[in-house]
Amino acid sequence: MRSDRTDASRNTIAAGSGILLIPDDAMVIVPVRNVLLFPGMILPLTISREQSKLAAQQAVKTERPVGVLLQRDAEIEVPGPDDLCLVGTVANILRYVTLPDNTHVIVCQGLQRFRIVEYLPGYPFPVARIGRIDEPETTDSQIEARMIQLREHALEVLQFMPQVSQELVGAVKSITQAGALADLVASVTELKITDRQRVLESIDLQRRLDIVLDCLLARLEVLRLSRELDERTKANIDQRQREFLLREQLKSIQKELGEGDTGNSVEIEALRKNIAEAQMPEEVANQANKELQRLARMSDASAEYSMVRAYLDWLVELPWRAPEPDRIEIAEARQILDADHFGLDQVKKRIIEFLAVRKLNPGGHGPILCFVGPPGVGKTSLGQSIARALGRKFVRASLGGVHDEAEIRGHRRTYIGALPGNIIQAIRKAGSRGCVMMLDEIDKLGAGIQGDPSAALLEVLDPEQNNTFRDNYLALPFDLSRMLFITTANVLDNIPGPLRDRMEIIQLPGYTQEEKREIAQRYLVGRQIAQNGLKEGQIEFSEQALVAIIRNYTREAGVRSLEREIGAVCRRAAVNIAEGRMSSMQVDDDDLAGILGPIKYDNEVALRTGLAGVATGLAWTPVGGDILFIEASRTAGDGKLILTGQLGEVMKESAQAALTLVKTRATDLGIDAGSLERSNVHVHVPAGAIPKDGPSAGVAMFIALASLFVNHPVRNDSAMTGEISLRGLVLPVGGIKDKVLAAMRAGIQRVLLPARNRRDLEEVPPEAKERIEFIFLDNVDDAIRHAMRQ
């Protein structure tokens, strides 16, 4: 009955204040490993186990002592009663400290010995009833004689130990109690943990003194032998050091006499000449000469010699001299851009403006250009074209997956294997301080415990600050202001705001079908013919074949997949020609099924939207626009809304708003309000493995639900985008250009857009405007009127 009352009281207190009730004759137990606390001693204990932390915190809250018990096997992570010794030390917790690395430390003062009586169950940490053990005070001549011997041997052992405080020596001399002297000596003379536990468990003074004396004499023999070995080793080292100094003096004498090896002096002179020819700034030249003087005084066998030599090599190989002025010809630059890239008229126009400003103001700080667009649209190749137009060298540094700040700023020279960051390494590779550097995939930078690389790029990409860029390895300012930085990204949202603010964003759209065909004819076919070992005339693609590949085997914003499919056709031709079955190959659209297999992408809009409750939406993805099917169905139920297809929170809210709007307009739509309440509605967006989110599917969801309840199919030649409000307004959305191009690729003939997105049609290519009919919506009534089949 007592145990039940205790559990009930403890649970009540735990629910009220977080403090567990522990009986007066019981104590919280803190198990320790490889350390022992004696009465009268103050010792810091590191606690890492959750049980020990809870136990110490309980003792601190209740201002009660704890029992410190040694764990028999230090490898056991969660010790039970059988894994702990029976005798321990009652201790007060003087201080509870949590260090910056989340390490918990308690400073304990030992009070007296205790013995375990029984463990109490039901606590989250060990709790036991204990019996306190009083210290015997009887002394006789036998004990006094052992005290004298113990004090003499202990003082001798302390002489062998390094950095022993005088307070400890004084304490050993001044203690008059036999038990306290035995405990002190056992705790400070590095006895084995098992011997210390034997001392702690020995209540009889004479037996306790004997145990300490035996262990101390064995320890003293080991220390004496260790000192003899140390003295012998030191003598050998002193002899070697003396020989080393004599050899160094001999080298100096030979150098003065012009004798011996002169390899180092030749190397030093070569470095001095390179420093003089590098045209370094004054601060850099002074540091280089200072390091050169250090190198001249070092032995080539020294570990630091190679570090200083590598540092000087970096200094002399970096391009410190000012770059040559740009030779910009606007007409030639326009020809280069047109020759390297088809389409992208707005992007080329902005680059020509950029080059014109550079020509008129060579010393000015131009903007940092950031090309943003889906993969495969030519962001990296545009940077190469700009370098050709400027007559500069081009270097590229990929930032994808970089999560260490040292990748940008370099490592300090104190680390073994330290190197400068990617910026300085790329400049050394280019050999010019005025190169064009492309920082690729800047939106895929990471951040970790090593720092934030995007923060380090703030200085690199700021023309007002980067003239004194300081790499951690060089520890000297390096002028980056004459370099031309170009960055690329797929998505702007992942770039931190301060970094995005330093760049001028240039959007690169996806290509239309006609543009892809032109790119394939001008660039991709010839490149794949050369890469697959074919010669001109051995394979020819008809225009219909290229269009069929684009329409039936690729669906992307860029042209990478298109180039891979063209490469597959070229490889088939290479096999036939290599086997001698044919000397040349003419590829037409009828031949593609036998080479590339069945059609990968079919026009599924008509198939999917043939039934009521299905609408075609338009979505934006980091790799370009795409079409999105919204499917709705209903079953008998109580008015629940079920959403599937990995929808994000915003998209779920759009579906709820669409259903509410349908219920609000049920009378206008001719829907029986009772049927809405008696039906469960299921909205599904196919491609369920792909996460989807955003508000722009609101119109499509409303049309799908309205089509379901009025049992009227949606037009299969139409796609729509736009956000809706509960008042039925159609609100504007982003990514119109990419969505329109996706609709054109899917064969959509009519696109329903929010009326406030009318201005975005200026960015839509003329080909899309000619092939697609655009209908602008002010409210959902307009959407119903234009989307439903007549």
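## Helices α9 and α10

The crossing of α9 and α10 is left-handed (the near helix is turned anticlockwise from the far one by less than a right angle; clockwise would be right-handed). This is a predicted model, in which local features need pLDDT of at least 70, side-chain atom pairs count only at pLDDT 80 or more, and totals for chains, interfaces and linings use all residues. Residues are numbered from 1 along each chain as its sequence is written, and side-chain values use heavy atoms, without hydrogens or water.

Helix α9 spans residues 282-297 and helix α10 residues 303-317. Their axes come within 10 Å and cross at roughly 150°. The two are therefore roughly antiparallel (over 145 degrees, on a scale from 0 to 180 between N-to-C directions).

From α9, the residues V284, Q287, A288, E291, L292, R294 and L295 take part in the contact (heavy atoms within 4.5 Å). They meet E304, Y305, V308, R309, Y311, L312 and L315 in α10. By class, this contact has 9 nonpolar, 1 polar and 4 charged residues.

## Helices α18 and α20

Helix α18 (residues 513-531) packs against helix α20 (residues 560-578) at an angle of about 45°. Their axes are 10 Å apart.

On the α18 side, K516, A520, L524, V525, R527, Q528 and I529 make the contact. α20 contributes L562, E563, I566, G567 and C570. These residues divide into 7 nonpolar, 2 polar and 3 charged. Ala, Val, Leu, Ile, Met, Phe, Trp, Tyr, Cys and Pro count as nonpolar, Asp, Glu, Lys and Arg as charged, and the others, Gly among them, as polar.

How values were computed: Helices (H or I, at least four residues) and strands (E, at least two) are DSSP runs, numbered from the N terminus. Angles under 35 degrees count as roughly parallel, over 145 as roughly antiparallel, 65 to 115 as roughly perpendicular and the rest as oblique.
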